[in-house]
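Dear colleague,

I am passing on the structure that follows, together with my notes on what a reading of it turned up. Please look through the model first and then compare it with the points below.

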Amino acid sequence: MKIGITCYPTYGGSGVVATELGLELAQRGHEIHFITYAQPIRLTGPHPNIHYHEVEVSRYPLFDYPPYDLALATRMAEVAELYDLDLLHVHYAIPHSVSAMLARQMLAAGPKRRKLPFVTTLHGTDITLVGQDRSYLPITRYSIEQSDGVTAISQYLRERTLREFDIKNNIQVIYNFVNCDVYVRDEGAAQRRLEYAPNGERILVHLSNFRPVKRITDAVEVFDRVRKKIPAKLLLIGDGPDRSRAEWLAVQKGIHNDVHFLGKQDQVHEKLSLADVLLLPSELESFGLAALEAMACKVVPIATNVGGIPEMIENGVSGYLADVGDVDTMARYAVELLSDDALLAKTAKAARAVAQSRFCTSKIIPVYEDFYRRVLERSAERS
Ligand code: GMT
C-alpha cells in the first residue's frame, strides 16, 4: 500500500507512534510518505520505502495566525496525486483530520475524481483537552465522523470519545506498540550504569515532554522519599514547560546532585534500559507509551491509576498503580521493589512478558494493515 502519514513531528507520544508505525510498515514493504511541517524526530537517516514531504507555511504580514491546516491539506492532496497514495493516516485529530477531509474533497472534485480515504487515530489530549474546547469541539467531532476509519489507542479513549463527542462512528481500539527487538534490556549495561550511578545506586527514570499533565514534580517528590531510604539516582529524559519547576524542587530538597536532566534523547531505549524503575505520575494518560517502552526494557513502571494505564499494567504483577498525587504510596512501592532483588526481577520479567505478549510490533502492525485493507474495500464499494 502507499500510505501518507501526518503527525506532530516534535516530541510527544502521538508523533512517536506515527513515526514508528511508518517505519514498521515500510519494513514490511509498504511505501510511506510522511507529510508534516518538520522531519519527525524519530525519523533519522535514510530508510528504504520512506519519503518525507515538508509542509511550507507562508507567512504574510496579514496572517497573525498562518493557516497551517490549509497548507497541510494542499500538500496532502499534492502528494496523494503525485505518488498515487491509497490512503492517508492522520495521528491526532486536531487539525490533521480536518486537513485530510479537505484533501479528500479536493481530489474527489478534481478532474480525475480521485478517491483518498483517510484514517484518524485518536491519541488522547486531542479528545480529552483540546477537543473539549468549544472553539475546536464541533469541527473535531465533524472531522472524526467524516473519517473513513477511526482508531483509538486504548479502550478508555474509545469510550470517552464515544461518550463525550456523541460520535456515531465505529472506533476500533488498536493499542500502541513497541519494537521488542529494539526495546530490550541490555543485560551487560553494568558499565554504562556507572556513568550515572558510580556507587551501584538504584536508578529511577522518568520520560515525558514535561507538560503539566505529566506532574513531573511528583516524580521528584517520589524520588526524594526513596532517596531517604535507599541510595538512588533519578534520570529525567525529555524537556518541556515544567523542567525549571522540577529543577528548582530538586535544588530545594538538596537532591539536585542525584537528579540528572538528560534532555531530549533520540535513542530512548539505551537510557531506559539502564534503569530499575520508571515513574509515571501523570494526571492522565490515554495509554502511557513511556510505560510500555520501559516495560519492554524490564524497567518496572510505577504509574497513576488513570486513563488507559490499567489496561496495560496489572497492579502488583507487572508494575504498580497509585492515585494521582499520592507520592507517598508511589515511594513506598519503589522502596519495596528496590530493596528486594527477587521482587524487582520477578516484576520486571512480568512487565517484559506483557510487552511481548500483547504490544509488540509483530502483534499490532498486522492489525493496522487489516484495518487499512477494510477501509480501502469499503471505499471501493462506495464508488
Ligand atoms: O501526552 C503526551 O505525551 C503527548 C500526547 C501526544 O498525543 O503526543 O500523548 C498521548 O498520546 C500518546 C501516544 O499514543 C499516549 O501514550 C499518551 O498517553 C497520550 N497522552 C495523554 O493522554 C495525556
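**Helix packing, aromatic pairs and backbone**

The crossing of H11 and H13 is left-handed, a term used when the near helix is turned anticlockwise from the far one by less than a right angle, with right-handed used if clockwise. Please bear in mind that this is a predicted model, in which local features need pLDDT of at least 70 and side-chain atom pairs count only at pLDDT 80 or more, whereas totals for chains, interfaces and linings use all residues. Residues are numbered from 1 along each chain as its sequence is written, and side-chain values use heavy atoms, with hydrogens and water left out. Helices (H or I, at least four residues) and strands (E, at least two) are DSSP runs, numbered from the N terminus.

To stay with this helix pair, H11 and helix H13 (residues 341-358) pack at an angle of about 110°, and their axes are 7 Å apart; the axes are lines fitted to C-alpha atoms, for helices over the stretch in contact, and the angles run from 0 to 180 degrees between N-to-C directions. H11 and H13 are therefore roughly perpendicular to each other, given that 65 to 115 degrees counts as roughly perpendicular, under 35 as roughly parallel, over 145 as roughly antiparallel and the rest as oblique. On the H11 side Leu292, Met295 and Ala296 take part, and they meet Ala351, Arg352, Val354 and Ala355 in H13, where contact means heavy atoms within 4.5 Å. By class, this contact of H11 with H13 has six nonpolar residues, no polar ones and one charged (Ala, Val, Leu, Ile, Met, Phe, Trp, Tyr, Cys and Pro count as nonpolar, Asp, Glu, Lys and Arg as charged, and the others, Gly among them, as polar).

H3 passes H5 in a left-handed crossing, in which Ser97, Val98, Met101 and Arg104 of H3 meet Ile139, Tyr142, Ser143 and Gln146 of H5. The residues of the contact of H3 with H5 divide into four nonpolar, three polar and one charged.

Turning to the aromatic rings, a search of the whole structure finds eight aromatic pairs, a pair being rings of Phe, Tyr and Trp (its six-membered ring) with centres within 6.5 Å, and planes under 30 degrees apart counting as stacked, over 60 as edge-to-face and the rest as tilted. One of these joins tyrosine 60 and phenylalanine 63 in an edge-to-face arrangement, at 5.4 Å centre to centre and with 75° between the planes. Phenylalanine 63 is partly exposed, with a relative accessible area of 32% (buried means under 20%, exposed over 50% and partly exposed in between, with a 1.4 Å probe and protein chains only). Tyrosine 368 and tyrosine 372 form a tilted pair, with 6.3 Å centre to centre and 35° between the planes; both lie in helix H14 (residues 361-381), four residues apart, about one turn of the helix. Tyrosine 368 is buried, with a relative accessible area of 0%, and tyrosine 372 is buried, with a relative accessible area of 0%. Elsewhere, ring pairs link Tyr175, Phe287 and Phe359 into a cluster.

Several loop positions may also deserve a look. Most residues other than glycine have a negative phi, and most peptide bonds are trans. The peptide bond from isoleucine 94 to proline 95, however, is cis, with omega near -5°, and proline 95 sits in the loop between strand S4 (87-91) and H3. Arginine 215, in the loop between strand S8 (202-208) and helix H8 (216-227), has a positive phi near 50° and is partly exposed, with a relative accessible area of 24%. Lysine 298 has a positive phi of about 60°; it is found in the loop between helix H11 (289-296) and strand S12 (300-304) and is partly exposed at 27%. Asparagine 179, in the loop between strand S7 (171-173) and helix H7 (190-193), is buried, with a relative accessible area of 18%, and touches Glu24 and Thr361, not counting residues up to four places away in sequence.
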